[in-house]
Number of protein chains: 2
Amino acid sequence: MENFDFYAPTYFAFGQNKESEVGKLVKQFGGTKVLIHYGGGSVVKSGLLDRVKKALDAERIPYCELGGVMPNPRSGLVYQGIELCKKESIDFILAVGGGSTIDSSKAIAAGVVYDGDFWDFYEGKRIENALPIGTVLTIAAAGSEGSPDSVITKEEGMLKRGASGNAIRPKFSVLNPALTQTLPAYQTACGITDIIAHLYERYLTNTAEVECTDRLIEALIMTMVHEGPRVIENPNNYDARANIMWAGMVAHNNICGVGRSQDWTSHNLEHELSAEYDCAHGAGLAVVMPAVFTYTMSHDVKRFATIARRVWNVEEADDETAAKAGIEALKTYLKGIGMPLTFAELGAKKADIEKLAHTACYGDGSGSGFVYGFTTMSEEDVIKVYNLML
Amino acid sequence: MENFDFYAPTYFAFGQNKESEVGKLVKQFGGTKVLIHYGGGSVVKSGLLDRVKKALDAERIPYCELGGVMPNPRSGLVYQGIELCKKESIDFILAVGGGSTIDSSKAIAAGVVYDGDFWDFYEGKRIENALPIGTVLTIAAAGSEGSPDSVITKEEGMLKRGASGNAIRPKFSVLNPALTQTLPAYQTACGITDIIAHLYERYLTNTAEVECTDRLIEALIMTMVHEGPRVIENPNNYDARANIMWAGMVAHNNICGVGRSQDWTSHNLEHELSAEYDCAHGAGLAVVMPAVFTYTMSHDVKRFATIARRVWNVEEADDETAAKAGIEALKTYLKGIGMPLTFAELGAKKADIEKLAHTACYGDGSGSGFVYGFTTMSEEDVIKVYNLML
């Protein structure tokens, strides 16, 4: 196991009606004037936004609002949010929504207290300071509610990039599984797929002897295997929603990923797809993961065979056969919850593959020419992987 | 799943030589004058205490020392520590040792800022304020390095009682697995047993539909099953030590125990044994757990059968047979790492059973007459359970 530091000081208020505690929580973490940041109409229509405002009113905490966050959140709205916060002397950002809204809130929080262009952080500058953030989560997916990460897409060139820093870890997150019961099945399944990707990408390590985190990751994938189909079948299954929601947070706050190398290849290759075609991130991952795993399997067949046996109940004695059967089982599972498995289903085009691979390897010119992770992939490798998705 | 709040803001510095960062960490968490609290000679002899002092010196942080913490830490030393801290205007407690030293430090930290008798907290008063605490852990066992709990024994009447509160969660904990390599096999095994008890006692729940935390707990027990014998066989196996150390923290910071009822029956019945006979807590648990599980198995045979199949690879189709085989497998495992399984091996006496059961149920007079947990046990039940340990 490698040396590591782990610090995850987010306060989680989990369960039915927990959003009613938002005013109290903002106060507890020092907020005196709040920006409520959210996405489209669903949090308005469901009445959630009103309940959140009521909870702030009850503590006499003033607020202003900025809606309009889109999936694959854009830099344009972040600049608007930063300007609004400065003008209104906001000292606390409250994200009401999913990963996109939380990531956009994190970008605003870091940008408000920074003299330069917030995009610097998404080009590699570490985030050291930010306004405090709270979240009311409406979908189990990105894990952003407990993570120090944020992903934003820059409109100019449609570059999708990540930034990180403990300063943007939420101070608190309200996780009420009941809020996710109204999600369409497709979005629910996209969230489940994102969580599974966060787990596989931690599992695919080059660090030896990491039994504890191996077992924790397997446990969380098994939870998704059990609960995923149940929640697709019955969207109102509160307990299944609750297990997925807690698993989604634990999957990505990194308690199960410490002390080991990780593999963000699938996320990196997917980011090119959702940036180019604006497809759902989870759907993109469902297409990307099996291709990446098939291409990299030979790098450590034993590891793929182990997860196949422990998680997918594969009984094949031969490691390579078992490993392949495990990837097939993942595909069957993803298809079963309604996810796409091919480029065409995403609206992605074979003709774009060279461009996608080039952007994945070189970004806007600052990239190294390689995608680093479980294996090191050259542009040629990445082209081959995208071709496996056809 | 039940509603819950979860907040675990301890900073973990994990790995080789991490104790060299102690000065920097104390500073980061606001300490300006430190009490170094420790146990017997091992931290002195090993040179660890000197390394810790050097790290504080490097940051020019003054300190004073209080050694002498014993296993099953006593109230007497806590009173001394409180007096010393007040006299020396200490504002940070640094525990260098295992669970006993950390628990003693927590009691001192709470007592210094409290006008009354610190023992009030161990009679049920919630701890709301305390001096900040840091730890340098020397044994994977109690999980106190990441928990809000403390257990102290009052010399008068040898009462062993617990207190709790987020204020006594360590601000930071240094976890260097190499520091545990010099532990005698017996102490290592006692620590392993304590961790396993923390997991079983979270597993035995009356809450339905808790797949995520069920799976996480199973994952951690499987880690102990794998790594326990390896570390007993080769005390210098750093990676096995590391996996056990992280598992021990995760087992007890409660991330795997949220949203479900828990069962602290084994700990409660064991506390009477270690208070009366001053046996090692882990050794006591090895004797107590199989008896408690055998006695309560019929309350939810399915749950015991599930853990038997998932963790202990029991293949029996009949639930009751499987459940029993799982408890037998646990006993075989505990015996294999050198733990006792009977009253006699602990130095405990059949003649004392009625007294032990009475204290377990009534404490110093404030108890209810019952031990609450997975089942509700009357004094008569507790007597029967102690008799199963003969």
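**The two-fold contact and what lies behind it**

Guide: Chain A superposes on chain B by a rotation of 180°, with 0.0 Å of shift along the axis and an RMSD of 0.0 Å. The surface is shared: 100% of the contact residues of chain A recur in chain B. Contact here means that the C-beta atoms of two residues, placed from the backbone, lie within 7 Å.

A word on conventions. This is a predicted model, in which local features need pLDDT of at least 70, side-chain atom pairs count only at pLDDT 80 or more, and totals for chains, interfaces and linings use all residues. Residues are numbered from 1 along each chain as its sequence is written, while chains are lettered from A and ligands numbered from 1 in the order in which they are written.

Now the contact itself. Chain A gives 35 residues and chain B gives 35 residues. On the side of chain A, β1 (4–6), β2 (11–14), α7 (211–233) and α8 (238–252) each supply at least two residues. The largest share, 10 residues, comes from α7(A). Helices (H or I, at least four residues) and strands (E, at least two) are DSSP runs, numbered from the N terminus. By type, the side of chain A that touches chain B divides into 20 nonpolar, 7 polar and 8 charged residues. Ala, Val, Leu, Ile, Met, Phe, Trp, Tyr, Cys and Pro count as nonpolar, Asp, Glu, Lys and Arg as charged, and the others, Gly among them, as polar.

Strands cross between the chains. β1(A) pairs with β2 (residues 11–14) of chain B, antiparallel, over 3 bridges. Pairing requires that DSSP finds at least two bridges between two strands. Within this pair, D5(A) stands opposite A13(B) of β2(B).

Next, the chain behind the contact. Chain A holds 15 helices and 11 strands. Its radius of gyration is 20 Å, close to the 21 Å that the globule rule gives for 390 residues, so chain A is as compact as a globular protein of that length. That radius is taken over C-alpha atoms, and the rule is 2.2 Å times the number of residues to the power 0.38. The C-alpha trace of chain A spans about 65 × 45 × 40 Å along its principal axes. Of the 390 residues of chain A, 58% count as buried. Buried means 20 or more other C-beta atoms within 10 Å of a residue's own, exposed means 12 or fewer, and partly exposed lies in between; C-beta atoms are placed from the backbone.

Chain A has two domains: domain 1 (11–179) and domain 2 (182–388). These bounds come from an automatic or database domain assignment. The C-alpha centres of the two domains of chain A lie 26 Å apart. Their contact takes 21 residues from domain 1 of chain A and 30 residues from domain 2 of chain A. The domain 1 side divides into 11 nonpolar, 7 polar and 3 charged residues.

5 of its 5 residues are buried, so β3(A) is largely enclosed by the rest of the structure. V34(A), I36(A) and Y38(A) lie on one side, L35(A) and H37(A) on the other, and all are buried. In a regular strand the side chains alternate between the two faces of the sheet. β3(A) runs parallel to β4 (residues 63–66) of chain A, joined by 4 bridges. There, C64(A) is the bridge partner of L35(A). β3(A) also pairs with β5(A) in the parallel sense, over 5 bridges, and I36(A) stands opposite L94(A) in β5(A).

S89(A) sits between α4 (75–88) and β5 (92–97) of chain A. Its phi is positive, about 50°, although S89(A) is not a glycine. S89(A) is exposed, with 8 other C-beta atoms within 10 Å.

Last, a loop of chain B. N254(B) lies between α8 (238–252) and α9 (265–277) of chain B. N254(B) is not a glycine, yet its phi is positive, near 85°. N254(B) counts as buried, with 21 C-beta neighbours inside 10 Å.

Notes:
Least-squares fit on C-alpha atoms with pLDDT ≥ 70 in both.
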